[in-house]
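Please find below a colleague's note on the model under review. The comments are set out as numbered points.

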Amino acid sequence: MARASQHAGPAPRHVSLVALPEAAASTLFGIYDVMSNAGLMVAGETLSVVKPPGGPPFAVEIVGERAGALTVASGVPVEVQRAIAAVESTDIIIVPSLVLRQDAWAKDRHPQLVAWMRAMHARGAVLCSACSGIFLIAETGVYDGRDATVHFGYRRAFADAFPAVPVHPERVLVISGRREELVSSGASTTWHDMVLYLIARFAGATAAQDVARLYALQWHQDGLTPYIVFEGRRDHGDAAIETAQAWLREHFSVANPVEQMIKRSKLAERTFKRRFVAATGMPPIVYVQRLRIEDAKRRLERTTASVDEISWRVGYEDAAFFRRLFKRVTGIAPGAYRKRFRIPDFARP
């Protein structure tokens, strides 16, 4: 535990930021900088360090299996300040994003870290993961039966490795546990949301707002659904459905695509629909809608076509229905999606 502060008020909460060979340097250093400088404030047009009356809210320390030099996944050297064997208690543990080779996680590579995190959790520590850092924390077993999030690109790998953990990759931040002591953030830079949440929780909403302004951090309040690219599951082994999916990828915008798929498959309608759901996890009409919305997203990003024209091109004559469907699938309206994801004019060649 961090030593008592000389300032009036409570001692800063000790944050153990875990460094390991699979860690992503950007997340590790980003979390370290933001949480270490939570006392920085904006004064007019200049930056100044303002020490809160009770002292800094966090004492951040990079910890690992052993102290000293460590090279993380991107080849960047990191100095581990303290070995976990010397950390008898801590308030918050954060595992940064991990780089998974071939989208797979091999368990039991870091048994000492897993055992230490399990022991610290039993003593009251809050366990936090950024993006794929949840893979390491999940090995402790504390997440079994409790909700979590992970980068949507690792959803299947995580579900295969930890089937007992309900995972929600479309969510930015998931708080679980009886004491709300399990905090997981989703894809990539949602560690911003996690850090701002921790600052708000332990130092107050005003401090979180100040830090957000200082670093120009934004909450991902619309969730991660707009960022997820729909591809459709094709590793199911049903040849008839796989053929139908391949045809649909090129013909999703035609009229009555489901009826045409069924006719081409030469299967009974009920049989086709049952097998399609079993193979892809969704009814054929929903699958068609997802393909159409995905194509609409690319058109919104890369063209200047109107929403009405895009609606017609992806297969919907009723533009109002298209707008409602787009928002239901992505969480935001077509115009808002275009504004967020289109390359700005100043960045265009």
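The points that follow take the basis of the model, the whole chain, and then individual residues.

1. Basis of the model. This is a predicted model, in which local features need pLDDT of at least 70 and side-chain atom pairs count only at pLDDT 80 or more, while totals for chains, interfaces and linings use all residues. Residues are numbered from 1 along each chain as its sequence is written, and side-chain values use heavy atoms, with hydrogens and water left out.

2. Overall architecture. The protein chain contains 13 helices and 11 strands; these are DSSP runs numbered from the N terminus, with helices (H or I) of at least four residues and strands (E) of at least two. Along the principal axes, the C-alpha atoms fill a box of roughly 75 × 50 × 40 Å. Of the contacts between residues at least 6 apart in sequence, 63% join residues at least 24 apart, a contact being heavy atoms within 4.5 Å.

3. Burial and surface. Of the 349 residues in the protein chain, 47% are buried. Buried denotes under 20% relative accessible area, exposed over 50%, and partly exposed in between (1.4 Å probe, protein chains only). The chain exposes about 17700 Å², of which carbon and sulfur atoms supply 51%; accessible areas come from the Shrake-Rupley method with a 1.4 Å probe, and for residues only the protein chains shown count as cover.

4. Charge. The protein chain has 44 positive and 35 negative charges, and their mean positions are 4 Å apart. Lys and Arg count as positive and Asp and Glu as negative, without His and the chain ends; each charge is placed at NZ of Lys, CZ of Arg, CG of Asp or CD of Glu.

5. A positive patch. Arg-155, Arg-156, Arg-234 and Arg-249 form a patch of positive charge on the surface. Patch residues have over 30% relative accessible area and no salt bridge, and like charges are joined within 9 Å; a salt bridge is a side-chain nitrogen of Lys or Arg within 4 Å of a carboxyl oxygen of Asp or Glu. Arg-155 belongs to helix 4 (residues 155-161) and is partly exposed because its relative accessibility is 36%.

6. Beyond residues up to four places away in sequence, Leu-198 touches Met-35, Phe-58, Ile-92, Ile-94, Cys-128 and Ala-203. Thr-27, in helix 1 (residues 25-36), is buried at 5% relative accessible area. With the sequence neighbours up to four places away again set aside, Thr-27 touches Pro-96, Ser-97, Ala-130 and Trp-191.

7. Positive phi angles. Most residues other than glycine have a negative phi. Ala-216, which is not a glycine, has a positive phi of about 55 degrees; it lies in the loop between helix 6 (205-215) and helix 7 (239-251). Ala-216 is exposed, with a relative accessible area of 62%. Lys-266 likewise has a positive phi, near 65 degrees, and is located in the loop between helix 8 (257-265) and helix 9. Lys-266 is exposed at 74% relative accessible area.

8. An exposed loop glycine. Gly-281 sits in the loop between helix 9 (269-280) and helix 10 (284-302), and its relative accessible area of 60% makes it exposed. Gly-281 and His-236 are 45 residues apart in sequence and 10.0 Å apart in space, C-alpha to C-alpha.

Note on methods:
Patch = residues over 30% accessible without salt bridge, like charges linked within 9 Å, V, L, I, M, F, W, Y side chains within 5 Å.
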